[in-house]
Amino acid sequence: MADFGLHNYQQEVVERALKGENIIIWLPTGGGKTRAAVYVAKKHLETTPNAKVMVLVNKVHLVDQHYNKEFEPHLGGTFIIKKVSGENKEKDFFGLVVKQSQVVICTAQILYNALINKEEARHVELSDITLLIIDECHHTHKEEAYNKVMRLYVEKKLKGEKPLPQILGLTASPGTGGAKALEKAVEHVLEICANLDSVIVSAKEYASELKEVVPKPRKSFKIVKERLKDPFRDHLISMMNSIHSHMNLPPDFRLKECGTQEYEADVVNLEHRGVQEKNRLLAQCALHLRQYNDALLINDTLRMIDAYRSLEEYYSKKRTNPIDGTDTFLLELFEGESPHIFIIIHIFMVSANITITCVTILWHTENQVELKNLAMDSRFDNPKMDELQSTLLQQFGSGVPSRAIIFSKTRKSTHCLKDWVLKNRALQEAGIKADILIGAGNGNTYMTQNGQAETIRNFRMGSLNLLISTSVAEEGLDIPECNLVVRYGLLTNEIAQQQASGRARAENSEYAVVAQAGGREDRRERMNEYLEELTGQAIDRVQTMTPQDFCTKITQLQEMVVTCTKIEQRRQAEKRSRNTASSIQLLCRSCFTPVASGSDIKLVENMYVNVNPDFKKHYTFGDQLTLKRSFEDWEPGCTIGCKICSEKWGNEIKYKKCAILPNLAIKNFVLESPGQERLPVKKWKDVPFTVEEFNFKEYCQENFLLD
């Protein structure tokens with residue numbers, strides 16, 4: 001192993017895998033899990049007849065990274081290696097790619113699709129694979145693609161079907177699954193082991209070497225006091241209270257404190273209730289309250305002007321199409337004062353013989369202008385931002401070349417922080433060169449995969465020295481060692497904390513948490529410290545189980561999961577069979593206008609499209625949708641929205657260069673059953689009727705009068 005560059009602790013954790021056992025390797029971020037996996041793959045390929053290694057990742061960008069950084073350099077000269085993701089066309093004949101290769105690196109979803117697809121060119125059997133490597137395997141739970149693959153594995157195992165691939169899972173932490181007591185944490189670790197049909201191994205004999213190779217950074221809490229005065233927040237809450245009064249809250253409903261995640265959950269439930277009860281006033285007020293609550297959360301973490309801009313952007317899109325008094329009230333509340341205050345001023349001004357024109361101008365500007373004025377008042381700046389500036393200057397102001405990452409919650413917050421850094425004179429004078437790093441995907445708010453790679457390359461070369469990132473940089477990405485990692489405005493679990501901390505691997509590095517004294521981030525971070533210790537205790541408990549007890553428990557958990565899955569599948573099938581597609585109506589979620597029948601919806605290329613040509617009269621067009629990748633059978637068209645209220649519905653696609661089909665997002669609609677019951681759903685898989693596959697030939701015959 002020495003010629004492969006493995007440390008003693010890496011040799012220790014792969015020992016059982018080299019004997020053909022199913023294992024989960026538990027090593028911290030930077031501990032060399034992937035290198036250890038490459039070594040296991042190499043030995044497996046050399047010693048196993050007709051070996052076929054499949055490497056699964058949970059994010060598209062990791063396909064290229066694992067191929068370029070690890071598997072191709074170490075195995076490429078000897079073995080045939082292919083990489084497949086949604087970004088390339090090999091997925092369309094994945095079965096053939098697997099047959100022609102010895103190592104395949106792909107996303108878990110692609111393998112799952114191939115396992116259930118019966119087309120010969122796309123189909124793969126688990127028995128075709130001899131070693132299955134699962135990166136970031138703590139995601140093997142619930143309805144994650146990893147778990148869907150492993151459920152198929154477990155079902156075959158319990159039936160006694162062979163051969164099955166050897167399993168090698170990789171994780172920096174399985175976490176506790178939300179448990180705060182040891183017994184429950186042990187249960188969670190056992191569930192992960194059962195899902196992966198594997199034991200969990202870690203460095204024991206060479207644990208001290210691991211600590212030397214991957215030292216923990218110095219941790220510091222940068223605690224700030226609460227603002228003495230926050231008139232911007234106070235004004236937002238007064239506006240929210242106006243909405244509370246106007247919407248006639250149900251007597252059995254009590255809202256939590258404004259500006260909290262709990263309040264957000266409340267208004268989400270209120271919107272659902274409004275939709276179900278056909279109460280547009282309740283539903284729309286709840287949607288707007290969520291925007292105000294988002295502004296409060298932004299104000300708590302970032303600049304007041306960032307919070308103001310979030311509302312300004314939202315209401316700029318609402319000005320075009322108010323359809324009733326609810327819309328008018330909500331729009332005018334932001335742009336002016338509440339109608340109640342307007343009436344008082346109106347009566348006063350009539351008696352004072354002052355013209356109505358003055359009143360109208362005041363009504364349309366007061367609240368928005370007041371919020372903007374408060375947002376620009378430096379007396380009420382966020383002390384967390386001052387502490388963040390101080391933390392960055394301590395690292396970069398010393399003149400020693402440094403690299404740092406700020407982890408923030410949302411894509412929007414990364415953009416706000418970058419704007420702040422670029423406009424901050426002290427940070428610019430300290431030589432800070434910042435950019436954002438966010439998830440890859442389609443749409444303007446995401447980065448391209450190439451954009452991610454370029455940003456990381458610039459960070460490695462030194463043209464950037466500060467990354468402002470969402471959780472995308474916490475796990476998986478090959479990011480250089482950092483001198484400083486800052487967690488800012490984050491409420492995440494112990495897994496994310498450990499992964500973020502692992503980015504601070506440079507000598508004498510610091511892991512800093514900027515938080516308000518006794519605030520939610522402070523409490524969460526300290527809870528995560530406890531949960532990190534609890535995870536270790538739970539793993540120790542699992543590792544000390546006798547092999548017989550462990551196998552018995554794992555089999556029990558697997559049998560229970562298979563049974564529960566079958567029950568749930570039966571329940572879903574029964575739910576869909578209760579209604580015919582034609583008996584379900586689709587209503588616009590915003591204005592409740594009936595626009596389509598369930599029988600109009602067909603499934604094509606994992607998209608749900610409306611094939612009824614009359615549907616076109618219900619929508620208007622927006623901008624041309626631009627995607628970062630191309631597709632074999634279809635191309636994107638313009639975005640579409642409700643003709644009455646402008647609610648976004650999805651986008652058109654051009655299928656096989658001739659069929660123009662509206663691709664719909666079900667979350668923007670509400671379903672109505674024959675009994676007038678209304679059901680809002682987030683995903684198409686939850687609709688209470690069966691959606692048929694799109695028949696292109698039949699569609700052409702009906703719409704183009706073909707024989």
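User: What is Val513 in contact with, leaving aside its neighbours within four places in sequence?

Analyst: Happy to start there. In this predicted model, Val513 is in contact with Lys219, Ser220, Phe221, Lys222, Arg487 and Glu525. Val513 itself is found in strand 13, residues 510-516.

User: What makes Val513 count as buried or exposed?

Analyst: Its relative accessibility is 2%, and buried means under 20%. Val513 therefore counts as buried.

User: How far from Val513 is Cys106?

Analyst: Their C-alpha atoms are separated by 35 Å, and the two residues are 407 residues apart along the chain. Cys106 turns up again among the contacts of Leu111.

User: What else is in contact with Leu111, and which core does Leu111 belong to?

Analyst: Beyond its neighbours within four places in sequence, the contacts of Leu111 are Met54, Leu56, Phe94, Cys106, Val124, Ile129, Leu132 and Val149. Leu111 sits in the largest nonpolar core, which has 85 residues; Phe94 and Leu111 are those with the most contacts inside it. Helix 7 (residues 182-196) gives the most to this core, with 8 residues. There is also a second, separate core of 57 residues, including Leu270, Cys285, Ala295 and Leu302.

User: How do you know where the "Helicase ATP-binding" domain runs?

Analyst: That comes from the UniProt annotation, an unreviewed entry, which covers residues 14-192. In the model, that span is 44% helix and 16% strand, and its end C-alpha atoms lie 19 Å apart.

User: Why is the bond between Lys162 and Pro163 called cis?

Analyst: The omega of this peptide bond is about 0 degrees, and the bond is cis. Pro163 lies in the loop between helix 6 (145-159) and strand 6 (166-171). For background, most peptide bonds are trans.

User: What makes Glu136 and Asn248 worth a look?

Analyst: Glu136 has a positive phi of about 50 degrees although it is not a glycine, and the phi of Asn248, also a residue other than glycine, is positive near 55 degrees. Most residues other than glycine have a negative phi. Glu136 lies in the loop between strand 5 (131-134) and helix 6, while Asn248 lies in the loop between helix 9 (231-247) and helix 10 (261-276).

User: How do you know which of them is buried and which is exposed?

Analyst: Glu136 has 6% relative accessibility, so it counts as buried against the limit of under 20%. Asn248 has a relative accessible area of 58%; exposed means over 50%, so Asn248 is exposed.

User: How do you know that both faces of strand 9 are covered?

Analyst: In strand 9 (residues 404-407), Ala404 and Ile406 on one side and Ile405 and Phe407 on the other are all buried. Strand 9 runs parallel to strand 11 (residues 466-469), joined by 4 bridges, with Ile405 opposite Leu467. Strand 9 also pairs with strand 12 (residues 484-488) in the parallel sense over 4 bridges, where Ile405 has Val485 as its bridge partner.

User: Why are strand 15 and strand 23 called edges of their sheet?

Analyst: The sheet is open, with 4 strands in the order 15-14-22-23 and antiparallel pairing. Strand 15 (594-597) and strand 23 (678-680) each have a single partner strand, so one side of each is left without a neighbour in the sheet. Strand 23 pairs with strand 22 (residues 669-672) over 3 bridges, and the partner of Val670 in strand 23 is Pro680. Helix 10 packs on the sheet, touching strand 22 and strand 23, and its direction makes about 150 degrees with that of strand 23.

User: Which residues of helix 10 are buried, and what covers them?

Analyst: Tyr263, Glu264, Asp266, Val267, Leu270, Glu271, Gly274 and Val275 are buried. Their cover includes helix 9, helix 11 (280-301), strand 22 and strand 23. Helix 10 is followed by Lys278, with a positive phi near 60 degrees.

Key. Residues are numbered from 1 along each chain as its sequence is written. This is a predicted model: local features need pLDDT of at least 70, side-chain atom pairs count only at pLDDT 80 or more; totals for chains, interfaces and linings use all residues. Side-chain values use heavy atoms; hydrogens and water are left out. A nonpolar core is a set of buried Ala, Val, Leu, Ile, Met, Phe, Trp, Tyr and Cys residues joined through side-chain atoms within 4.5 Å. Buried means under 20% relative accessible area, exposed over 50%, partly exposed in between (1.4 Å probe, protein chains only). Helices (H or I, at least four residues) and strands (E, at least two) are DSSP runs, numbered from the N terminus. Contact means heavy atoms within 4.5 Å. UniProt positions are given in the numbering used here, feature names are shortened, and annotations may be inferred rather than shown by experiment. Two strands pair if DSSP finds at least two bridges between them. Axes are lines fitted to C-alpha atoms, for helices over the stretch in contact, and angles run from 0 to 180 degrees between N-to-C directions.
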